[in-house]
Amino acid sequence: MNLTLHITDECNMRCTYCVHDYSARRMSLATAVAAVDLSVRSKGDSLIPSGCMHTGLCFYGGEPLLNRDLIEKTVAYCDTLRFKKGEDFQYLLVTNGTLLDESFLEFAAAHDIGIGLSHDGLMQEDSRRMEDGTSSADRLEETIDLLLRYRPKATAMCTIHPPLVDRLSESVRWLFGKGFRKVQTVPAVGIKADWTPERMEELEKQYLLLSDLYVEKTRAGDAFELTLFENKIRSHIMDGRGINQTCRFGKRQLSVAPDGAIYPCVQFLDLPEYRMGDVFGGLIPENVARVAGEGGKEPVECQACALRKRCKYNCCCMNRITTGSIDEISPLTCAFERLAIRYADRAANTLMAEGDPHFIKKHYTTILGKDPMFFE
Amino acid sequence: MSVDPLKSYDEAEYPSIKDARSVNKPGGNLKGSAALIMASLTALAISQCNPNAKNDDVNLAGAPAISETTATEMTRTAGIVPEEGWFEGKNTIPEETEEIMLAGDVMYIEPGTSDAEGTEDTVLVGRVMPES
């Protein structure tokens, strides 16, 4: 079973859009080990069939490297299972990068730990400052180089804070320029993210510029992934087939709170009505069924929409935070999705009209089973 | 702002699997990249229409066949050698595989492979990156 381990609620940064509840809570090694055991024990479990094909661990927080010792000991425990029982583990780490150093990156490389670095590019200086108010951008300059030397496939995860949206396209360009080959961008939402009509207009301008950037990089033959557009393009090519646009609420990767309680998704931690069990006693079938039933509901207004197969309308997390209900979509989400699809199609139309060989290989060779990024 | 479902949408002008289903034997007369695209989509359409279809009866399944010309062109233009399984009707769309994702990722499945990759970020939702 794939599990996201919330190994600490502490963070050494205070980002402008973040609404995380900071606390001193940390996961113990006993809890992490129990989670690993559950992940192994439940492989092939029919209770959550699609979530039990692998044993994958995502280290999450807060800032997970504040509990670095737990990461290293948990991976060491997994190593013992690998050697004794042949279990195969996959690892991911989502970090702000400020505590990354060469010794950890050597460890990450040795254990093939994938890394997602939260970094807002040229918005970082204003959006993501340290807990004491100092700059995080300065200290990450060299860290990014080090990260990409050890983990060249690391993903840059860029959050768009509405007041800084006019820097989005240049921020993405900057991240690619630093050497990232995969960049995610996501508009921040929630009580600290005020998307006024003017900022939405600016977001559209920025998506237009990103569309141009996508064309430019594709023409140049760069191996890159701008996730904002990639999945939208594939969803059209595939007519929605084989593409899972939603978060698979409670079905594919469950979240484990520091105390070991299990929830369907990172955004539902500590909500008693969504508790599915714990790592010590396992999943509770009736709770799993109830959560699955909740996650299966879909926004009524989206059912007849022409973009339904290409939209994340059914993301329970997004819906709950923006509307308070997991099966209601907000106008904001609808607007974000329509913009992403429109400008993904703009880039794809341009490249297809030119018969760009890189675009064709990237998206149509993918259908033939080749690696989308490294097809050369 | 309001939620505004679209009755229709036609801004995507690049080929999709729908096009492969609606054209009669496109691969045989096309060259270069066009042949590659249609061959790709046709293979996909075949596998989805009828996973058990043989190459000879794919038209019965409602999808155009891949000609030898197309296969040759595909190899020439993109270095792709069609897999035996396609023509034998092997389903190139795997059942959903589950690999661990970065928080906020949305998964897409690479057809024809057992790989799944996280793309697209979803969540963020105020808390997007909790460490942030």
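Strand 3 (residues 55-60) of chain A is mostly covered, with six of its six residues buried; buried here takes 20 or more other C-beta atoms within 10 Å of a residue's own, exposed takes 12 or fewer, partly exposed lies in between, and C-beta atoms are placed from the backbone. Helices (H or I, at least four residues) and strands (E, at least two) are DSSP runs, numbered from the N terminus. The cover is on both faces of strand 3 of chain A: Thr55(A), Leu57(A) and Phe59(A) are buried on one side, and Gly56(A), Cys58(A) and Tyr60(A) on the other. This is a predicted model, so local features need pLDDT of at least 70 and side-chain atom pairs count only at pLDDT 80 or more, while totals for chains, interfaces and linings use all residues. Residues are numbered from 1 along each chain as its sequence is written, and chains are lettered from A and ligands numbered from 1 in the order in which they are written.

Strand 3 of chain A pairs in the parallel sense with strand 1 (residues 2-6) of chain A over four bridges, pairing being called when DSSP finds at least two bridges between two strands. Tyr60(A) in strand 3 of chain A has His6(A) opposite. Strand 4 (residues 89-95) of chain A also pairs with strand 3 of chain A in the parallel sense, over five bridges, and Gln90(A) in strand 4 of chain A is the bridge partner of Gly56(A). From strand 3 of chain A the chain goes through helix 2 of chain A to strand 4 of chain A, a right-handed β-α-β crossover (with the strands pointing away from the viewer, the path from the first strand over the helix to the second runs clockwise).

Neighbours within four places in sequence aside, Leu70(A) is in contact with Ile7(A), Met27(A), Leu29(A) and Ala32(A); contact means C-beta atoms, placed from the backbone, within 7 Å.

Elsewhere, helix 8 (residues 227-237) of chain A packs against helix 11 (residues 331-354) of chain A at about 80 degrees, with their axes 9 Å apart. Axes are lines fitted to C-alpha atoms, for helices over the stretch in contact, and angles run from 0 to 180 degrees between N-to-C directions. That makes helix 8 of chain A roughly perpendicular to helix 11 of chain A (65 to 115 degrees).

Technical notes: Parallel < 35°, antiparallel > 145°, perpendicular 65-115°, else oblique. Contact = placed C-beta atoms within 7 Å.
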